[in-house]
Amino acid sequence: LCIVMADPKGSRQISTSSLSQEKGTVVIDIGRVYTKIGVAGEAAPRHIVRSVTILKPHSQKVDVWSVSEPEELYSVLCRFVQSLFLKYLVLNPKDYRVVVVESFICSESFRNTLAKVLYQHLYVTLAVFMPSHLLCLFTVGRQSAMVVDIGFKETTVLPVYEGIPVVVGWQSSSSAAEALQSSLKQLLLQNGKVKTISTGESKRFDSITVEGLDAIIEDILVRTCFVRPFGCDKDRTPLSVEYPLNKEYILTIDGHIRDHVTEVLFDGLNGNPLQNCILESLIKCPIDTRRQLAENIIVVGGCASLQGLKHRLKSEMDHLLVQNGFQALHTLTYKFHNPPIHENSVPWLGGSIFGSSDVAISERGLTREKYKELGALPDWTSRDPQRREQRKPVLGRKALPLTPAPVASSAET
């Protein structure tokens, strides 16, 4: 979109654009398991890689989220983020601005270390740290929505009304992808059977050794498991499927395992169920915001793509509304959005849309010079840490006014 404005004096024309043509913007979403990276304005990330890096000299794989020591974390992030630019994108970070898609509850140590890597190690000219829940709204064209993020470690629910997070409605639960994979692994080790390709001999799954079992469990969950409908007859067992483990064995996955493993998200044995998290979050929101939030529910995350999840979640919520504690929400209409991209990449796509706007980047971004001046990365409550510190009253003293008192004129004196 290009707008041509005439100069008031008529001497020249000024061409402006809402999309930046001078510098590109790189969008980075460092998730617990996978990192999505690409260029703003594109419809999908260019690369999706695991959030791990290899440290020399022993070629040890290190998860970027498993490091807590500041110096070690800085070293790990330097190597990891540098590989994202040079190995995958093949771009010079000095020539690009960066949009970082971060969790709303990301630790201050991690985000400050990441900012230090971007500004001091890669010499990025400008960076923007944006909460993932806010960016999800860009993909569906809404200013108000209930964002449900089914992550790896936990599931989080955050209402966003008119572009502002309703923090009082924040909900979290350990019913997430890690609990699903753990349950699936346990069921397969107890009941799974494998068949030898060469001889056709059948044996128990726990009697063999398989390399990379965690990655296989993750793949089995995505490819073969689904969410059964609410109230479905438990005696009706789905068909069993065969999954090739390697060149030697084929794993037979029982139909009962395929639909039973996803019950972890709704039974409450591993934390607050999904349906409870959404309704408890909604009932904590102001009354005049509930209708818009209920009609705009966005479910994102890797497990959000499980077949039948949204239909089952809607049925569970309808069943829960007639019980005590949620009657006030019974008259609302609940609708779920279908994002234009895979559920795991929805926050990244929101960052891509946000990063393509030159005005938004300029207003929300923090330049390297400003970062050096502040010495820290502003959090989501303030863009200027120094100004926030000045507003804190001193204990035992009267707080000083933020603006100086007017000076009396000579006539008044």
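Phenylalanine 129 lies in strand β9, which covers residues 126–131. The model is predicted. Phenylalanine 129 counts as buried, at 12% relative accessibility, because the cut-off for burial is under 20%. Beyond four places in sequence, phenylalanine 129 touches Val100, Glu102, Arg111, Leu114, Ala115, Leu118 and Leu377. Phenylalanine 129 and arginine 364 are 235 residues apart along the chain. Their C-alpha atoms are 8.5 Å apart in space.

Among contacts in the protein with a separation of 6 or more, 64% join residues 24 or more positions apart. The protein has 413 residues, of which 46% count as buried. Its secondary structure comprises 14 helices and 19 strands. The accessible surface comes to about 22400 Å². Carbon and sulfur atoms hold 51% of that surface.

Helix α3 (residues 132–136) contains histidine 133. Histidine 133 is buried, with a relative accessible area of 2%. Its side chain makes a polar contact of 3.2 Å with the side chain of threonine 156. Threonine 156 is placed in strand β11, residues 155–161. Threonine 156 is buried too, with a relative accessible area of 7%. The polar contact therefore joins two side chains whose residues both fall under the 20% cut-off.

Histidine 133 is in contact with Phe104, Val147, Asp149, Thr156, Leu158, Val160 and Trp170. Threonine 156 touches His133, Val147, Val148, Asp149, Trp170, Gln171 and Ser172.

Strand β4 (residues 34–39) pairs with two strands, β3 and β5. Strand β3 spans residues 24–30. β3 and β4 run antiparallel and share 5 bridges. A hairpin of 3 residues joins β3 to β4. Isoleucine 28 has isoleucine 37 of β4 as its bridge partner. Strand β5 spans residues 47–50. β4 and β5 are also antiparallel, with 4 bridges between them. Here lysine 36 has isoleucine 48 of β5 as its bridge partner. β4 is mostly covered, with 5 of its 6 residues buried.

A further sheet is open and has 4 strands, in the order β15-β14-β17-β16. Its pairing is antiparallel. The edges are formed by β15 (202–204) and β16 (241–244). Each edge strand has a single partner strand, so one side of each is left without a neighbour in the sheet. From one strand to the next, the twist averages 35°. β16 and β17 run antiparallel and are joined by 4 bridges. Glutamate 242 has threonine 252 of β17 as its bridge partner. Helix α5 packs on this sheet and touches β16 and β17. The direction of α5 makes about 145° with that of β16.

Helix α4 (residues 177–191) has 15 residues. At 1.5 Å a residue, α4 should span 21 Å. Its end C-alpha atoms are 21 Å apart, which agrees. The buried residues of α4 are Ala177, Ala179, Leu180, Gln181, Ser183, Leu184, Leu187 and Leu188. In an α-helix there are 3.6 residues a turn, so residues three or four places apart point the same way. Leu180, Leu184 and Leu188 are among the buried residues of α4. The buried residues of α4 pack against α5 (213–224), β17 (249–253), α6 (255–260) and α7 (264–267).

Two loop residues have backbone angles of note. Most residues other than glycine have a negative phi. Valine 90 has a positive phi of about 55°, although it is not a glycine. Valine 90 is located in the loop between α1 (70–89) and β8 (96–102). Valine 90 is exposed, with a relative accessible area of 62%. Glutamate 162 likewise has a positive phi, of about 50°, and is not a glycine. Glutamate 162 is found in the loop between β11 and β12 (164–165). At 40% relative accessibility, glutamate 162 counts as partly exposed.

Key. Residues are numbered from 1 along each chain as its sequence is written. This is a predicted model: local features need pLDDT of at least 70, side-chain atom pairs count only at pLDDT 80 or more; totals for chains, interfaces and linings use all residues. Side-chain values use heavy atoms; hydrogens and water are left out. Buried means under 20% relative accessible area, exposed over 50%, partly exposed in between (1.4 Å probe, protein chains only). Two strands pair if DSSP finds at least two bridges between them. The expected span of a helix is 1.5 Å times one less than its number of residues. Contact means heavy atoms within 4.5 Å. Accessible areas come from the Shrake-Rupley method with a 1.4 Å probe; for residues, only the protein chains shown count as cover. Axes are lines fitted to C-alpha atoms, for helices over the stretch in contact, and angles run from 0 to 180 degrees between N-to-C directions. A polar contact is a pair of N or O atoms within 3.5 Å; within protein, one must be able to donate a hydrogen and the other to accept it, and residues adjacent in sequence count only if both atoms are side-chain atoms.
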